[in-house]
Amino acid sequence: MVVAAYNRKAGFRNLRSPADYIDTALNLSHTGAEAKKPITKASLLWRLERLAGEAAAINRGSFLLRHPEAERFKPILHVGWGMNILAETGLDYDKFSEVINTAADPRYRLLAVEPAGVMLVAAGQRLKSRLIGIRLPQNCREKRRRDFAGKFTAEEEIRMISHGYGRGLYFQALTLRSALKEAQTGPPSIHPGFAVRGVGFAFAIVNISSLVNIWRTAARWEAENPGRKEPRHFNDGIISALSFLEWNFPGLLDSFEEGEFIQSARRQVRIYEEAGGVFSL
């Protein structure tokens, strides 16, 4: 359902002006706040992500990224926008950096970098990526995309790109287990722990309608890997996904039975609030 929501262009084809995009973003977000089902809210996040990518066609979309009424949704908007800017700049590091440094809201710039990790995976499976709706650069051979990702050397950038890499693996791999295995053996520019966290994030978002399945999967992987760090990173990805949904749609966590993951997600949301609303890893 979530992937279908990302790939669906219906409702976007007739958008012609910045006002059209802003109104659509605000209408989608209001619908999400009223929706009762968690999976509906997750799907709306993917719609907002796709919308921001489409908005990049007009003055590179800065009007949407910096709009004050879209403040709470800026994290997901920057993720979707960043993917399209990657395609537009063709993995030219200087051009990409210039665009995100001038057009993005400075507080959410790192979230526009995160899709570079998704692209590392998606470009290796072009047909599947096209079916999902991911726009890729024309020239993105493996060496070129790895060289591009390797130019981001700040720790927070590496974390974001690694998270995107794990997120991309989840949607491209045949199974969760294979995605987790690949996350731990990625290219040199990828931090394995944050790649595993990205897998956990994507897994939780897609399976948000079945928390029991999420908890059981997390417990099983921890039992299979006693004493290892990877299960903790996976759990952190689940908590991050829950807090991300709560940040966009306040009150979502109230619909779930309290437990360790829910309490951790609440604490994470408080950290975001104290930081002024910046979603970070």
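Buried here means under 20% relative accessible area. By that cut-off, Pro115, Ala116, Gly117, Val118, Met119, Leu120, Val121 and Ala122 in helix α8 are buried. Keep in mind that this is a predicted model.

**The enclosed helix, α8**
- As for neighbours, the buried residues of α8 pack against α5, α7 (109-113), α9 (126-132), α10 (142-150) and α11 (155-172).

**α5 against α6**
- Helix α5 (residues 74-89) packs on helix α6 (residues 93-103) at an angle of about 140 degrees, and their axes are 9 Å apart.
- The crossing of α5 and α6 is right-handed.
- On the α5 side you'll find Trp81, Gly82, Ile85, Leu86 and Thr89, which meet Lys95, Phe96, Val99, Ile100 and Ala103 of α6.
- Sorted by class, the residues of this α5 with α6 contact come out as 7 nonpolar, 2 polar and 1 charged.

**α13 against α15**
- Helix α13 (residues 192-206) and helix α15 (residues 230-248) have axes 7 Å apart and an angle of about 45 degrees between them.
- That makes α13 and α15 oblique to each other.
- α13 and α15 also cross in a right-handed way.
- Their contact draws on residues including Val196, Arg197, Phe201 and Phe203 of α13, with His233, Phe234, Asp236 and Phe244 among those from α15.

Key:
Residues numbered from 1 in each chain as written. Predicted model: local features only at pLDDT ≥ 70, side-chain atom pairs only at ≥ 80, totals over all residues. Heavy atoms only, no water. Axes fitted to C-alpha atoms, helices over the stretch in contact; angles between N-to-C directions. Helix = DSSP H or I, 4+ residues; strand = E, 2+ residues; numbered from the N terminus. Left-handed = near helix turned anticlockwise from the far one by under 90°. Contact = heavy atoms within 4.5 Å. Nonpolar A, V, L, I, M, F, W, Y, C, P; charged D, E, K, R; others polar. Buried < 20%, exposed > 50% of the residue type's maximum accessible area, 1.4 Å probe, protein only. Parallel < 35°, antiparallel > 145°, perpendicular 65-115°, else oblique.
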